[in-house]
Structure formats: structure tokens, C-alpha cells
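Try each task before reading its solution.

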Amino acid sequence: MINEIIFMNGYGLYVWSSFIFTLSSFFFLYFIIKFQLTKEQKKFGKKFRNLSSEKVELAKKQKTYRELLANTSVYKI
Amino acid sequence: MLNYFNPNNTLLIINKLKKFVLALFIIVLLLGLIEALVLSPEDYKQGDSVRIMYVHVPSAWISLGIFSLISILSFGILILKNKNFSIIAKSLAPSGLLFNIIALVTGSLWGIPTWGTWWAWDARITSMLLLVIFYLMFILSWRITDDNDKAIKISSYIAIIGLINIPIVKFSVDWWSTLHQPASVNLLKDTTIHSSMLLPLGIMTAAFALFSLLIFLMKYNTELIKIKNKGLDRL
């Protein structure tokens, strides 16, 4: 049974290569996009920490910024 | 209606939706892999090599679907001048390109045992390669200029021109004599594929669609934060 699944009557190399290529491409793209998202979130957090107190209050009043801040460490400070 | 696409309303929904889509994708993918690699039968002619279909066909469908959507959104960008459409189109492109590449690579791997060659310059394969080029041009158009409005216009024109290629990809197997087989799954005509193979194909298509949705949500989130980063400078 296991041998049948692995070798697939001589087609195992092509079938497994296709599935492995597909799944590794998924991992690759997922981690690239995740890395980009984390980078932008960190950049946002860093910029926010350097804002003056008036600007911080102004930003916190805006809905979008509140939602963004909820996903960064800045909000917990 | 356009208010639903307002970034201010969608950000909170995106964050909640991402985790749900990721969990659902993993479940559906595992189910699809078991069906595709273990439970589905081998083909009477192609043997076990037919299992490549379960990654090749959904990838091709989704890459075509995403490019069509990007093209439709591009019409919206140029006619309605809605800039949020451009963020949506930009966020859809990475998964579309990935699925296009997967379709080409898995198609080549399928071609070796069935056709005796990994590549042929036939209409279907060449038009799919052309689609990769359109995807690349669309993605690169955002990088060639710092002027955002110019980038939106260039990318929209590329997507609209690329739309001409979509029916060529779809009907190439009917219009020309190609090495590639005609479509086995049809919406308007009879489907020539057995239900025992149609089930894993459907599950894998659902899994791949969920993956595209996940990548879209993450990329869209990234693009919104980029905009808000610029907005912080203007506060």
C-alpha cells in the first residue's frame, strides 16, 4: 500500500514532484507576504512611537489608525 | 455599495477573516490531498500520472480567474477612478502569478510521461506563458515609477490588454490543433470526467481558492498599512 502510494506504478517521481513544487510554492509565497506585512507593521509602530503627543492623540481618534494600532505592540504601551 | 470597499471598514474584518481562512484552507487542503493522492482512482489510459491534474487544473483555472478579475477591476479604475480597486488588483496579482507558474511547471511534469516532452510551443502552453509575462509586467509596473497615479494607469492598461489573452488561453485547444487535450470540465456542455475524479478536483480547487483569498487578504492588509504609514507623515 505504502509502496503503491510512493512509486505510483512508475509515475511517482512526476506526481510527487508536482505536489511538492505546489506546496513549497505556497509556503514560499505565504512567508514572503507575511514578512512584508510584519515589516510594514513594525515600520508603522516605529513611526508611531516617534510622533509628538498631540499627533498621537489625533491618530488615535481616527478609526483606521485605531484598528492598525490594535495589531501592533504600540497599542499595549 | 462602493462603501463596502472602503479601507476604513475592511481593515478590522480582514484581521478576523485571515485566521479563519488559514484554518479552513489547511483543513480543505488536507482533505484534498488525501482524495487526490490516495482515494481517487488511476486513469485507464494515463495511470497514476493523472493525479497531477489535481494541482495543474485548479492552478490554471485560478490564475485565469484572477487575471480576468484584475482586468475587470482595471476597467473600474479607469472609468470610475476608484483607487481602492487598484489596491485590490495589486493585492490579487501575487497569487495569480504563483498559480500561473504552478500550472506551467506541473504541466511540464505531466507532459514528460504523457507526451514524451516537457515543453511544446503549442497554442495553450504558449498563451499560458504569455499570461505569466502579463502578470510580471503588471507587478513590475508598480515598481518602475514612484508616481502612484502613473503606476495605476500603466498597470490598468497592461491588465486590459492582457484580457485579450484570456479567451485565447481558454479556446486555444478548440481553435487550433494542439498537443494539449480539450477541456474535460464544462459548465455549458457535458463534463467528460468521472465523479470519482471530479470530487478531488473540486476539493483541490476550493483549497487553492482559499489560499488565493488568504494571500489577497494579507497583501491587501500590507498595502493599507503602507498607505497609513505615508499618512502618519502628513499628520
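**Exercise 1.** Does B:G76 count as buried, partly exposed or exposed, and why?

Solution. This is a predicted model: local features need pLDDT of at least 70, side-chain atom pairs count only at pLDDT 80 or more, and totals for chains, interfaces and linings use all residues. Residues are numbered from 1 along each chain as its sequence is written, and chains are lettered from A and ligands numbered from 1 in the order in which they are written.

- Cut-offs: buried takes 20 or more other C-beta atoms within 10 Å of a residue's own, exposed 12 or fewer, partly exposed in between, with C-beta atoms placed from the backbone.
- B:G76 has 19 C-beta neighbours inside 10 Å, so B:G76 counts as partly exposed.

**Exercise 2.** Place B:G76 in the fold and find its contacts beyond four places in sequence.

Solution. 
- B:G76 sits in helix α2 of chain B. Helices are DSSP runs of H or I, at least four residues, numbered from the N terminus.
- Contact means C-beta atoms, placed from the backbone, within 7 Å.
- Leaving aside neighbours within four places, B:G76 touches B:N82 and B:F85.
- B:S40 is 36 residues away in sequence and 42 Å away in space, C-alpha to C-alpha.

**Exercise 3.** Which residues of α4(B) are buried, and what covers them?

Solution. 
- The buried ones are B:A123, B:R124, B:I125, B:M128, B:L131, B:F134, B:Y135 and B:F138.
- Their cover includes α2, α3, α5 and α6 of chain B.

**Exercise 4.** How many residues of chain B contact chain A, and which helix gives the most?

Solution. 
- 35 residues of chain B contact 35 residues of chain A.
- α1, α3 and α7 of chain B each supply at least two residues of that side.
- α7(B) gives the most, with 11 residues.

Technical notes
Two residues are in contact if their C-beta atoms, placed from the backbone, lie within 7 Å.
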